[in-house]
Every structure is written in C-alpha cells, then in structure tokens.
Amino acid sequence: MFQSSIVYLIPLIIVVLYWGERAEGYKTVSAFLVPAGLSFVLGYILKKKTSSDKIGPTDSMLICGLAWIVVSAFGALPFVIGIDSSYLNGYFEAMSGFTTTGITVYSGLDSLPYSIIFWRALTQWLGGLGILSLFLVLIFSYGGFHHIYIAESHKIASSRPRPGLLNTLKILWGIYILFTISSILILSLEGMSVFDSVCHTFTALSTGGFSPHDISIEFYRSQGFKNYKLIEYTLTFIMMLGGMNFMIHYRVLKKDFKALWDNTEMRLWWKLILIFTVLIMINNLNHAGFFTSNTLKNITNYFGQLEECFRLSLFQVISILTTTGYATKDINSTFFPALAKQLFLVMMVIGGCVGSTGGGIKVFRIAALKKMMSREIFKIRTSKKASNSLIIDKEIVPTEEIHRISSLFFAWIFLLLIGGTISAAFSDLNGWQAFSGMFSALGNIGPCYISVQEMIQISPVVKITYIFGMLAGRLEIMPVLLLFSLKAWK
Amino acid sequence: MFIIIAGAGLVGSNLAKNLMLEKHDVVIIDKNQDKCDTVFADTGVIAITGSITSVDILKEAGIEKADVVVAATENDASNIVFAILSKTYNVPYIIGRINHPDYEKSYKAAGVNTLLNENEILVNQMLLKIHYPELTRVASIGGRQGNIYKLTVPKNGIIVGKTIKEIVQRADFPKECLFMSKISYKTKEFAIIHGDNILESNDEVFFIARLKVIGAITKLLTNTKKE
C-alpha cells in the first residue's frame, strides 16, 4: 500500500509529455496526486497498526481479496477527478482494469486525456503482475500439489524453476518485464505510435484488453495502416504469450522447447486454438457463401479472403480464449454467425492456462474435468478393485484437488446463472445479451454481446454484480466467498 | 493379446509398460495399493489391488479370457499357486519367473510353459562378458549348446576387406560356426550374408557357433594387423 502511492505518479509523466493536448492539465495532475496522497496516508497507518504475525493460507487469501477491492477503490479516483465520471463507473473501470477484464463504461476514448488512457492500461499491467504473484502465493500456501500446476510434474526435483517463493517470483516478474519491453519495441517498429504500443503491450500481455481506441485493434485496419496485418498477427502472438503458463515461458527461454508439448495442459491448449479457429472459419466462410459463390475462380481473391478470414478468426479466438478481449471485428457483428457466437461463450468459460495472466476456469482444470468424466466410465467398465486415481501427466491428482476443481466448476456455473438472472431482471436487454454479460465479467474477458453504449446505461445493480463477478473470476471464486464467510475473519 | 501379469515390482511393471506400448491389453495384479497406483499412473494399464492367489481377484482381472499370464513376483510359492489357478481356467500360455532353482520341478508340475530364471540369465551374460568382452549373445539354441552372437569388426582387423569365403577357408576358422547376417556401418542396413559379401570395419556381424569354438572364432574376428 505504502509503495503503491508511487504508481499514481507514473501517469504524471504522461501528463507532462502531452501537456495541453486533449484537456490534459492541472485537472489530470490532481487526478493522480489525490489518490497518491490518500494511499500514502493509508499505507502509513496500516504499517503502524499491523503486527508482523505469521500469515496463514486463510489470511493470505483474505488479504488478496481485500487488496483488489481496496486498490480498485483508489484506482477509481483518477477517473472521478480527471474526467468527472461517477464513482460507480470509476470503480467499475478500475476493477475491470485491475482484474484485467476490460469491460469499459467509457466511450469516446480517442478524445480522452492521454494520462487517463495510460492509467487504464497501467491498471491492467499491474493487475497482470498481481495475478502472477497471487498464483504463486496460492500454490505455495496450498502446498503439496503445486508441482503439477507448474507443469513439470515428471521432474519433481526441478518442479519449481528455482527453490523458494521469492526467487520464483523474481523469475516470473523478470519474464513479464522482458516480454513487455520487447513487445513495445516490436509494435513501435511496425508503425504503431509509441504511446499506443505501450498501452497495447500493457493490456495484451496482461490479457486485459483495454485499448486506446473505441474500435480496439480494428482502428489500424480502418485507418489504413500499412502494416495492419503484421500488427494484428503480432498482437495475436503477444496475447498468446500472456495466456500461457509463465513457467512454460521460463522453460522455453531455457531452451527446453519440449515444454510446449510435453504436458496435458499445453496439448489441450493448442488443440483448443486449432479446433475453435477452424470451426469459426468454416462457420464464417459458409455463412458468407464462400463455398458456393464464384470466388473460387479468382485465385488471388480466393487466398485473400481465406487469409483475412483466418487472421480475423485466429485473432478473435486467441483474444477470447486468453481472456484479453481485443477486437479486430466486433464479436456481435454478422461476421461471426450463431455458431461462432456460441463458441465465444464456451471459450469465455475455459479461459487461459494455469499460471498465466488469463482468466476463466483454466485449460488445466478443463483437462482435469474431462479426465474425471472418462474416469467415471472407466470405473463402471472395470473391477472395483482396480486403481482408478485421476492421472494427469503421470501424476496422481489428490482427491482434495478433485473436490476443489469440481466445486470451482459448480460455483462458476452458479454465478453465471445468478449474473444472467440479475442482468435480465434489471435491464431491457434480450436474453442472449443479458446472459453473455456475466460470462464476460466472470471470465475477465471484456467484450460481450452488450454494446458499450448499453453497458454505460445499464442499471447500477447490474454494474455491481459485474464488479463482483470480475473479482470472483479473477480470484477463482473461493477467496471472494471467503470474504463473506464470518468464520474466516476470526 | 490379453495378458495378465502377477506382481507389480520392477519386472512386472516394466513388462506391462512395454506390452502397453505394443498395444496389448494388460492387467496387472499386486497386493500393494501404492504399487498398483504407481504403475497405473505410469503406464495406464488396469492395476488391480489384491492377492494373486485369490480366485475372486483373478476373475476380476479376467483370467477366463487371458491369452498369456506371467507369474512375475519374487515369491515362488505364490507364483506356483497363480500358475495352477491359471491352468484350471485354461490359460493357453503361462510364463513363470523362478527365483530359487529348487522350485523348478514344482513349476513344471504346475503347468508353466516357459520358465525364466533371471539370476541364471544374468550370470551367463556376465560370464560371457568377462571372457569375451567383444561378444554379445543374442539368443540360445538347443539348451545353450549353441548361441547366436553379435560382434563388431575392429578397425585394423585381419579380416577387414575379406570376403566371407576367404575367411571361412582359413585354417584357423572353426568348422562349427556359421555367418548369418551383418548390419553395415556405412549404410546402417541389415543384410543376410553369403560367400561373396565383404566385411568392413565397424560392421556388426551376427553368427551362430557351438559353445566350445567361441574362443577360436572370437580370436580370429578380433585379431588386428600388426603395424
């Protein structure tokens, strides 16, 4: 908390750089100085008051849950002071940022002060950093089973890159910062303005999805950028990096390329990307009459259309699956027919890999749930005395973990239903739109079938529900439910 | 094939792993739950926890449908009971792992088709390696009277560049030996060899020989030219 006051000072650099442009001025300076001052004071008080007793798993979970709530409370202030937003909208935007969700309640982004735009991107980047740290803290406090999450289960001795929580944390942060710097460089080289490439890198790597432009990445195509195809492919790649387990990145950087294929999660990850992309491409091409029309006669046109369809489909699959939420085509547009729209909802539930900055239930858990299902069939088919443990990557998954995964899955579905019900009850949206909102909030995605304009006008009850959904999805539900359990506070 | 293995120790689980890779249906039985879980986690074969001498367990494992059973525990008495029970369920082929030679007749009486003694196999290989380090025995024929061996032709060997005919006609070539095939060092190809074929250095040559002439043939094949 104490140190976090410094964070608010970073956007001030941007204020100075763009002084005078887009209503940048004393107002935006105070927008960052006020929260900086407040969090400094609060941090000081907390430091005086808290005793350094040992922190157990319950405490650390509570702290994590609270941290996101408190940090967002301060993070909302720049929006409230800087652009005269209501506090609820500011809080919504800040929570959406820090949980790397990317649902926005502001439009006209292209004319907002640069420092505010930068602040949105920075919240997501910090959120991503927070998630990587949270991931480690949680597995270290659960203990025991953590090595399977780090996906080197067959080499127990080297299950963690290097022993110790702090060292692992340093490695994760190092990789995150390394990727950030190289992505900014590459995007700038491809013709994006430096400001845009910083913002996009911040929000792509953290799988957040805030963009400085109202129409997201489509901006570069519609503005006729020369390298727009390259920019789209590059961003696809950066989002994918953010959605993969950072321990895999560590192994790949150590030249252990087998890491990309030698574990259940990664294999399922590639398969999901392939299957979803192909299905959506076929759906789109079929819908556009590609297979029946005469385009086949014109070869250049043929490949052109195929490449465009591949690029847009792949971009959107990666964008939704990693829970980033950029768009090169609005997912609500007719470019994506009914099947594609349904698949997007499925992807929102699945989410990224364990140990990534992505949200959702996580690919690993989907793999585990799938195995649990086939195990039930195996049990019926074979002798009761036969071994029937759940095996992932040649490792037995403890019963405890199976219970945790199944209850998480149930809680997820349950919250989707509750969220859908509330959205429908408190708005004029149709059933399909209302249902999609909670998918997007809980999975920390960003876009849904509710347009930004509709989202701005939506009832405060729904906004609060989504704020809760974003937090619950980010912290994988249990810590949030813990906040509401009186016993945990004792 | 449907194969049941009794005993999930090192021998049993390794066998199960290899059979699994060859796409056979494998069931492994062991009384130790942990061993069963490990082999299941490692290979995915069906691993049943229970006694290999219990008819119930054997039925659970599907003994009535088994094509081959392997008694691979370190306990001869259990292995024999398992073999007898398998025989009563008409298992066509039973392999036994004998640990102590005293049980050999009992295994035969129990109806074991093939009996393997790992100590004996190991000891024979060790003896061979001590006497003739260059030789590797590939297979035994006629109760170990004759064996098939593998040998790598040395670099400056006196037989390098000679045809099989030339080698066989030498005075020091023992009569009770026959060349069969070689794997060429250059082309990595396997070939059945005849009189006209030439042996090159580093070729792997396979031959069959009676036990008593091994010394002579090894000496001939590994002799090197004097510089």
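Colleague: Is Ser383(A) buried or exposed?

Modeller: Ser383(A) counts as buried, because its relative accessibility is 11%; buried means under 20% relative accessible area, exposed over 50%, and partly exposed in between, with a 1.4 Å probe and protein chains only. Please note that this is a predicted model, in which local features need pLDDT of at least 70 and side-chain atom pairs count only at pLDDT 80 or more, while totals for chains, interfaces and linings use all residues. Residues are numbered from 1 along each chain as its sequence is written, chains are lettered from A and ligands numbered from 1 in the order in which they are written, and side-chain values use heavy atoms, with hydrogens and water left out.

Colleague: Where does Ser383(A) lie, and what does Ser383(A) touch?

Modeller: Ser383(A) is in the loop between α17 and β1 of chain A. Helices (H or I, at least four residues) and strands (E, at least two) are DSSP runs, numbered from the N terminus. Leaving out residues up to four places away in sequence, Ser383(A) touches Ile48(B) and Glu60(B), where contact means heavy atoms within 4.5 Å. A polar atom of the Ser383(A) side chain also lies 2.9 Å from the backbone nitrogen of Lys385(A). A polar contact is a pair of N or O atoms within 3.5 Å; within protein, one must be able to donate a hydrogen and the other to accept it, and residues adjacent in sequence count only if both atoms are side-chain atoms.

Colleague: And which backbone atom does the side chain of Thr382(A) approach?

Modeller: A polar atom of the Thr382(A) side chain lies 2.7 Å from the backbone oxygen of Phe378(A). Thr382(A) is in the loop between α17 (363-381) and β1 (390-392) of chain A, and Thr382(A) counts as buried because its relative accessibility is 14%.

Colleague: How much area do chain A and chain B bury between them?

Modeller: They bury about 1000 Å², 60% of it on carbon and sulfur atoms. Buried area is the accessible area (1.4 Å probe) that two parts lose on being put together, summed over both. In chain A, Lys385(A), Ser387(A) and Lys394(A) lose the most area to chain B, together 50% of what that side buries. The contacts involve 12 residues of chain A and 11 residues of chain B.

Colleague: What is Phe344(A) in contact with?

Modeller: Neighbours within four places in sequence aside, the contacts of Phe344(A) include Ile280(A), Phe336(A) and Tyr449(A).

Colleague: Something on chain B, then. What is the phi of Lys23(B)?

Modeller: Lys23(B) has a positive phi of about 70 degrees although it is not a glycine. Most residues other than glycine have a negative phi. Lys23(B) sits in the loop between α1 (10-21) and β2 (25-30) of chain B, and Lys23(B) is exposed because its relative accessible area is 74%.

Colleague: Finally, where does pLDDT stay under 50 in chain A?

Modeller: That is over residues 144-162 of chain A; pLDDT is the predictor's confidence in each residue, from 0 to 100. Where pLDDT is low, the predicted coordinates should not be read in detail. Chain A averages a pLDDT of 83, and 84% of the residues score at least 70.
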